[in-house]
Protein chains: 2
Amino acid sequence: MHKTHTYCFETGDGKNPLLLGSKGANLCELTQLGINVPPGFIITSEVSHQYFATQSLPENLMDEVIEQITKIERQTGKAFGGDTDPLLVSIRSSAPQLMTGAMETILNLGLNSVTIAGLLEATDDPRFVFDTYRRFIQAFGVMVLGVPEQSFIEQFTFVKSAAGINSDSALTHFQLEEICYRYLNLVHKETGQAFPDHVYQQLEMALIAGYQFWQANFPTAQAPAVNIVTMVFGNLGDDCAIGHCVTRNPQTGEDELYGEYLPNAHAEDVVKGIRTPKQIQDLKHEQPEHYLQLLALRQKLEIYFQEVQSFDFTIERGQLYCLQTRNANLDIAATLKTSVDMVKQGLIKQDQALLRINPESLETLLHPQLLDHQGFLTQGIAASPGAASGQCVFDNDTAIRLSKQGVSVILLREETKPEDIPGFQVSAGILTSRGGKTSHAAVTTRGMGIACVVGAEEFKIDTKSKLAIMGDLRIKEGDSISLDGSTGKIYAGFKATRAPSFSSSLKTLLTWADASASIKVLANADTPETAQLALRYGAQGIGLCRTERMFNVKDRLPLVIEMILASSTKEREDALAKLFPIQRDDFEQMLATLSPHSLTIRLLDPPMHEFLPNEQQILEEIDALSQLFKITQGQRITRETLGHQDAFELAQQSVTESHISSAINKKTLVLAKVRELSEINPMLGHRGVRLGISYPEIYAMQIRSILEASARCLKRRIPVKPEIMVPQVITAQELKIVKLQVSEIQKEVEELYKVKLNFKFGTMIETVRACTRADTLADTAEFFSFGTNDLTQATFSFSREDAENKFLPLYKTTGVLKDDPFESLDVNGVGKLMEMAVSLGRSKRGDLKVGICGEHGGHPLSVNYCHDIGLDYVSCSALRIPIARLAAAQAQLLNPR
Amino acid sequence: MHKTHTYCFETGDGKNPLLLGSKGANLCELTQLGINVPPGFIITSEVSHQYFATQSLPENLMDEVIEQITKIERQTGKAFGGDTDPLLVSIRSSAPQLMTGAMETILNLGLNSVTIAGLLEATDDPRFVFDTYRRFIQAFGVMVLGVPEQSFIEQFTFVKSAAGINSDSALTHFQLEEICYRYLNLVHKETGQAFPDHVYQQLEMALIAGYQFWQANFPTAQAPAVNIVTMVFGNLGDDCAIGHCVTRNPQTGEDELYGEYLPNAHAEDVVKGIRTPKQIQDLKHEQPEHYLQLLALRQKLEIYFQEVQSFDFTIERGQLYCLQTRNANLDIAATLKTSVDMVKQGLIKQDQALLRINPESLETLLHPQLLDHQGFLTQGIAASPGAASGQCVFDNDTAIRLSKQGVSVILLREETKPEDIPGFQVSAGILTSRGGKTSHAAVTTRGMGIACVVGAEEFKIDTKSKLAIMGDLRIKEGDSISLDGSTGKIYAGFKATRAPSFSSSLKTLLTWADASASIKVLANADTPETAQLALRYGAQGIGLCRTERMFNVKDRLPLVIEMILASSTKEREDALAKLFPIQRDDFEQMLATLSPHSLTIRLLDPPMHEFLPNEQQILEEIDALSQLFKITQGQRITRETLGHQDAFELAQQSVTESHISSAINKKTLVLAKVRELSEINPMLGHRGVRLGISYPEIYAMQIRSILEASARCLKRRIPVKPEIMVPQVITAQELKIVKLQVSEIQKEVEELYKVKLNFKFGTMIETVRACTRADTLADTAEFFSFGTNDLTQATFSFSREDAENKFLPLYKTTGVLKDDPFESLDVNGVGKLMEMAVSLGRSKRGDLKVGICGEHGGHPLSVNYCHDIGLDYVSCSALRIPIARLAAAQAQLLNPR
């Protein structure tokens with residue numbers, strides 16, 4: 001009893017590429033599907049293994065091969081080595097996975113002195129016959145017999161020049177015949193042996209040469225199978241053709257056959273670009289019958305493979321052969337459209353459509369894209385995705401002025417500050433020479449959906465002289481540049497961009513996604529505008545509204561600073577009283593925008609010194625003011641001589657000495673406060689609920705704002721779902737203290753507005769201790785929201801900003817860390833803590849709502865993980881919403897809960 | 001069938017203070033022990049409960065009382081209300097726990113017109129009888145009948161002044177008798193009723209009044225029992241006495257009866273200080289028989305209670321009565337000595353001795369103590385325990401000069417720096433006006449065992465003018481002050497201190513402790529001196545040697561800075577090559593000192609900028625140097641005009657311009673590096689193993705130093721146990737990288753020295769992620785050492801320095817946190833992570849050695865916790881070693897493993 005070494009296409013298992021190679025298995029599938037494939041068979045990969053091990057073919061292999069060939073002879077009516085209508089075959093290796101650069105194919109094996117005559121008789125086309133023969137001798141000579149390719153080329157060139165011919169196609173069949181004889185002589189001379197004339201000897205030699213070539217050049221673990229397939233010819237007359245098709249348009253996804261063909265042609269004609277292929281639609285008119293055959297093939301392929309297919313075909317004397325097929329490479333827009341269409345056409349199920357799309361690939365649909373990538377200048381850090389092209393500006397005023405004239409502008413700064421926000425709002429893109437992914441520019445633009453590249457360190461940006469200098473290159477105001485915030489690349493000149501397209505297919509797909517998902521997708525948004533964008537993108541509410549973003553706006557900052565500089569509780573309360581109506585109106589607008597969805601508002605989190613200018617800056621300002629004090633009247637003061645806005649503005653007014661000295665006094669007060677508030681590790685300092693407990697009047701103002709805003713909405717018959725969230729909690733006692741405050745204010749507001757308020761009270765889980773004490777926190781908290789940015793910092797003892805500048809790059813390149821834990825949620829560390837928190841929290845409160853609002857919330861792997869550990873929602877930036885929605889559906893489909 | 005409401009001392013359960021009150025139970029115990037206690041009985045606390053609930057006594061209570069009294073009458077031969085030898089009793093409430101301020105006792109109940117006569121006959125002492133009677137009438141009148149005390153005093157004063165008498169003791173029995181009648185009349189007038197004459201009526205009324213008083217003034221949940229006890233008198237003649245004894249000397253622990261007595265006296269005489277008591281030793285000669293009775297009583301008490309007892313006695317006509325006894329309050333030295341003695345005397349077991357001593361109380365034995373606390377100036381932060389007294393100095397040079405003259409000095413600074421260490425080494429104490437428990441001064445002095453108070457903010461310390469100013473007070477160089485580093489208090493003037501006493505009892509006790517303990521006690525030490533101290537205190541090795549402390553010494557710092565400023569790996573290696581022999585010699589000396597104990601060396605941990613001066617300081621230095629540049633030659637330069645040492649020293653030399661400009665250049669380089677290395681959150685920055693992986697040459701130098709030092713010791717036939725420990729690890733990959741480095745260097749060193757090295761390789765567990773990944777770390781690490789300082793910071797997201805300055809005080813006063821987690825290990829947060837790490841680590845490596853080397857390691861509660869979770873050792877500062885050793889024993893005794 002011996003093992004089978006060969007399978008013909010009719011019997012081979014199409015689902016076993018390991019044994020039959022990917023191409024071989026594909027041909028078996030097609031054949032058994034009733035598709036017209038040239039008959040053939042496969043020598044299994046086990047034979048390769050045996051050859052690699054023993055350097056010999058299995059004893060009985062050639063007997064089996066003869067049997068298989070005989071079968072093909074019966075099917076085709078041709079004879080291998082026969083003198084009439086001879087059978088020619090191709091022989092090619094086929095690995096389990098498609099590999100590029102693998103062994104070349106030998107075509108037309110089976111030609112010799114006898115079969116040449118038969119082929120002449122059968123085709124009545126001597127030019128075709130000798131052209132085919134010389135190709136075969138050369139391929140076999142080089143690949144199997146080891147004759148240098150150059151020697152063949154020399155002979156070929158000799159005949160061509162002797163005949164005074166430039167183009168191969170001008171060679172006559174006589175000249176081609178001469179080339180054949182010269183080739184046979186060449187082989188005899190080079191190898192000392194006649195060119196093998198026996199067709200089975202040819203086959204065996206080709207086979208062995210193939211195995212040896214593979215063993216020398218490729219991993220033997222991935223042993224290939226070998227396909228031996230009947231040759232079919234697209235160049236035997238006008239009823240012949242070759243072509244390549246995709247079952248649908250791979251760029252647009254249009255539901256129509258797409259591709260090219262060449263009538264009466266050899267594949268090499270296409271490769272060499274000798275003839276221009278025709279559009280497949282032309283075939284409809286030229287060879288309507290063949291076109292119908294192609295349509296039938298297309299339908300069969302899509303029904304069977306349930307994916308858009310890319311296939312090669314040959315039409316030999318009116319007979320359509322499919323040579324191979326594979327899943328087509330589609331643009332993401334096409335993938336979306338075809339998937340949705342195929343669901344509607346009943347070809348696939350919704351789940352399949354949802355699962356076949358990589359959520360991250362949606363990103364390109366949501367941002368503008370550069371149409372070309374010429375003129376590369378430098379590489380920065382990709383900070384906020386999307387492309388932008390426009391004129392360079394170096395200050396906010398110019399940005400605003402130009403944008404009003406309809407000019408697209410790119411704002412260039414060394415680094416940015418809260419006061420640059422008005423400039424951001426009118427710019428197509430932001431470029432900074434300093435800072436990382438957590439810099440002000442990066443964080444703010446991501447929130448606003450503006451393209452941004454930061455840390456382009458090769459640029460020296462000089463705001464005073466309005467220049468960006470890189471080596472000899474000087475970019476001045478008004479010069480055009482382009483940037484890609486998804487790659488961090490900067491380009492010279494203006495470039496057209498493709499606008500983002502939120503197509504109807506995407507909408508449909510995401511609607512299906514929502515229906516499938518069990519984890520909800522919410523957005524992080526701090527303004528009504530971002531909230532609206534989030535809702536358009538399908539957010540089911542706002543999971544994180546950072547109140548400090550509302551503080552950090554130019555017209556409010558003075559009030560916030562007044563509050564911070566307050567030297568008594570009373571003074572602080574006075575300043576807060578001025579902030580109160582502003583915050584209340586903010587919340588009322590947000591709540592109304594969100595209605596009826598939930599709005600989770602986080603109470604003030606960052607340390608107070610973040611709202612103050614830095615020490616160096618104040619010192620410089622004081623210095624400038626002191627200079628001003630000395631300047632004699634009448635002297636012309638320019639911004640440049642002073643350098644600082646405050647001093648300049650004072651100088652422009654008709655200032656008195658007392659004006660200046662009062663300005664100096666004010667700055668000196670700020671300086672003292674900055675120094676008092678300075679911290680060694682601000683990340684671990686006086687912030688979050690610690691601040692709230694130290695200065696209860698701040699949280700009181702915020703809580704009252706939220707509750708009065710809710711009451712006002714209710715009065716306007718707008719249903720609202722506010723949620724109050726406490727940051728940086730480490731112990732239940734902190735929550736109880738804030739909850740008590742909330743309850744007292746709730747009572748007052750309900751009496752004042754005569755309404756019954758309905759809201760949730762919960763906590764961020766962003767300290768490690770909150771995870772270990774989640775059971776006690778759940779006594780008071782009705783919901784948890786994981787702040788995985790801070791939690792990751794605490795788990796790793798990494799300060800994100802310091803890590804990204806100092807050692808994270810090294811840790812990634814040396815493989816100490818596989819991924820940046822700030823981008824990809826660290827399941828083994830942070831994840832363990834999250835699981836602990838979920839399980840402890842729910843042990844106390846069965847209906848505890850749990851979500852995540854760190855930046856990880858918008859990353860598919862993290863969404864998947866959050867689904868798996870039972871979270872109720874993820875909350876991410878508005879522009880990540882579609883990605884998260886799809887990821888949420890996939891998570892449920894892969895691991896239903 | 002009714003419940004018993006009363007128990008006589010012969011039958012009451014001495015172990016049931018809840019039912020019988022603590023005093024009552026004690027009297028039952030004594031009685032049943034065969035000790036002569038005045039006969040009596042107890043009305044249970046259940047009666048109190050019933051009275052509180054119903055405002056009436058149980059129906060049959062008084063019948064039971066009569067029964068009990070009748071029993072006493074039989075025992076004593078006296079009669080309650082009898083006309084010959086009448087029985088008098090005291091009545092007092094007795095709560096389950098001893099309570100101060102509880103109901104006063106009524107003595108001598110049972111006196112009336114009839115019994116007065118009997119008592120006169122029985123005592124033949126009318127003065128005693130009427131004195132006793134008037135006391136009883138007044139006490140009963142005030143407490144039971146509600147007559148104002150002032151009214152009694154008026155009557156008493158009236159009689160005294162009418163008789164022209166100043167002193168109570170000068171009153172005759174006639175005058176006392178008159179007072180009695182006046183009192184009886186007063187009661188009649190005030191209450192409208194005659195003073196109750198019937199003795200059982202007296203008893204019942206006293207009982208009810210007692211219950212009502214309790215209910216009005218004390219928690220009714222702690223219902224008292226009531227004791228009714230036969231009165232005995234120490235003032236009936238020369239064969240009478242009263243006294244108080246402790247079974248051993250409560251200050252020294254000497255094994256001899258200790259106490260005082262007064263012959264023929266009333267307890268009030270002692271209270272009022274009318275007579276001076278005699279030492280109990282005098283009784284030996286004066287009443288030898290009674291003294292022998294006392295010795296017998298002492299022995300009985302100690303054998304039974306197994307603790308030193310403090311007891312009251314009365315001798316009535318030659319008969320010794322013990323009135324009560326309780327565990328004596330002993331000084332810690334006495335506690336130690338008596339406990340060890342009692343073990344040796346077979347009175348108690350070793351375990352009892354070990355368990356009865358609070359480990360923290362040992363601290364006072366290990367540091368000098370101030371003998372008085374007059375002249376308090378201000379309160380700072382207790383930074384390093386112990387007391388110091390001496391002359392104030394404001395700079396190191398003066399400290400060194402004076403200390404060489406034998407003067408005890410206290411070094412005063414605003415804050416301290418590494419360059420102050422030479423000053424530390426010669427000072428008795430350190431006082432700073434800034435900084436907290438983690439400041440340089442605090443951390444360094446704790447390591448060195450020098451008394452230190454930091455953050456005494458009321459002081460303005462001016463080093464230039466050598467003044468410490470607090471309000472009007474100006475302390476100048478040479479003035480004496482005293483400080484207590486255990487309390488943080490500062491005192492004016494020189495004070496004597498009591499030297500620390502590592503007594504033989506303490507040594508014995510700690511030897512027993514070591515034999516009992518299962519968790520080992522190691523020390524944190526960075527120098528051979530500290531290591532030696534630790535060994536003297538009983539450390540079983542060094543669990544943490546911080547190599548950066550070796551860097552931070554004045555003569556090495558320039559080399560370290562050279563290494564940091566290096567602009568290439570080569571330059572850095574050159575600098576390291578100079579550090580190498582120094583580190584190697586350090587380690588060789590440490591290893592030799594420790595032999596044969598283990599020495600765990602932590603590779604470099606702090607971020608490099610910690611070794612550089614701060615930015616402000618360099619800027620000032622550059623400024624000073626620039627001024628110098630301008631100074632014309634010949635002008636007198638003083639340190640004051642320049643302010644900075646470098647500039648001053650340059651000026652003192654005959655400097656050239658190029659000298660100065662090169663100094664400026666050097667400083668400018670340092671400034672650039674300081675800025676480059678600056679971090680936003682250095683605690684979470686480029687430090688520990690991250691530094692080691694970024695600059696492998698640094699760890700290579702350290703590893704080679706350790707291994708060569710070990711090889712050299714082996715060559716000297718000194719057995720050593722070095723352990724290499726990696727800080728700040730978050731993932732197994734980091735450990736593998738360092739381990740590979742170690743293995744390569746090990747091979748080289750073994751070949752160089754021709755020895756076989758034996759050492760352990762392990763990791764700090766001080767990041768949260770290390771806890772969650774402890775299983776994978778244990779693949780490479782042979783030991784874990786918890787760094788609970790950093791782990792606590794990461795768990796709470798608290799920067800210790802910022803927290804202690806900004807919000808920890810508030811969190812403690814408002815009860816958000818019960819304890820400071822940096823002092824008391826947070827079992828619920830940090831502890832959970834530790835347990836996770838231990839269990840994961842041992843799941844991979846069964847014999848994994850696990851310890852703790854954070855500051856918590858020396859705190860008894862933490863030692864206990866570390867024992868409970870299965871740690872192998874704790875490592876703490878040398879001066880905490882004895883405390884930890886005792887705590888380790890207690891942990892094992894309370895929870896054996």
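Predicted model: local features only at pLDDT ≥ 70, side-chain atom pairs only at ≥ 80, totals over all residues.
Before you start: local features need pLDDT of at least 70, side-chain atom pairs count only at pLDDT 80 or more, and totals for chains, interfaces and linings use all residues. Residues are numbered from 1 along each chain as its sequence is written, chains are lettered from A in the order in which they are written, and side-chain values use heavy atoms, with hydrogens and water left out.

**Stop 1: the interface**

Select chains A and B together. Contact here means heavy atoms within 4.5 Å. On that rule, 49 residues of chain B touch 49 residues of chain A. The buried area is about 4,400 Å², and carbon and sulfur atoms give 58% of it. Buried area is the accessible area (1.4 Å probe) that two parts lose on being put together, summed over both. In chain B, pick Leu684(B), Ser797(B) and Lys806(B): these lose the most area to chain A, together 15% of what that side buries.

Next, look at polar atoms. There are 33 residue pairs in polar contact between the chains, both residues at pLDDT 80 or more. A polar contact is a pair of N or O atoms within 3.5 Å; within protein, one must be able to donate a hydrogen and the other to accept it, and residues adjacent in sequence count only if both atoms are side-chain atoms.

Colour the chain B side by element. Helices that give two or more residues include H27 (657–677), H30 (732–753) and H36 (830–844) of chain B. Helices are DSSP runs (H or I, at least four residues), numbered from the N terminus. By class, this side has 21 nonpolar, 16 polar and 12 charged residues. Ala, Val, Leu, Ile, Met, Phe, Trp, Tyr, Cys and Pro count as nonpolar, Asp, Glu, Lys and Arg as charged, and the others, Gly among them, as polar.

**Stop 2: Asp826(A)**

Which residue of chain B meets Asp826(A) in a salt bridge? Select Arg769(B): its side chain meets that of Asp826(A) at 2.7 Å, N to O. The interface has 2 salt bridges by the rule, which asks for a side-chain nitrogen of Lys or Arg within 4 Å of a carboxyl oxygen of Asp or Glu.

Asp826(A) sits in the loop between helices H35 (808–813) and H36 (827–844) of chain A. At 8% relative accessibility, Asp826(A) is buried. Buried means under 20% relative accessible area, exposed over 50%, partly exposed in between (1.4 Å probe, protein chains only). The Asp826(A) side chain also reaches the backbone nitrogen of Gly829(A), at 2.9 Å.

**Stop 3: the cores**

Go to Met834(A) and Met834(B). These have the most contacts inside the largest nonpolar core, which has 289 residues. Such a core is a set of buried Ala, Val, Leu, Ile, Met, Phe, Trp, Tyr and Cys residues joined through side-chain atoms within 4.5 Å. Beyond four places in sequence, Met834(A) touches residues including Phe786(A), Leu825(A) and Tyr865(A). Another core, of 61 residues, lies apart; Val47(B) and Phe52(B) are among them.

**Stop 4: Thr445(B)**

Select helix H18 (440–448) of chain B and find Thr445(B). Thr445(B) is buried, at 0% relative accessible area. A polar atom of its side chain lies 2.7 Å from the backbone oxygen of Ala441(B).

**Stop 5: Arg885(A)**

Finish in helix H38 (881–894) of chain A, at Arg885(A). Arg885(A) is buried, with 8% relative accessible area. Beyond four places in sequence, its contacts include Asp514(A) and Tyr537(A).
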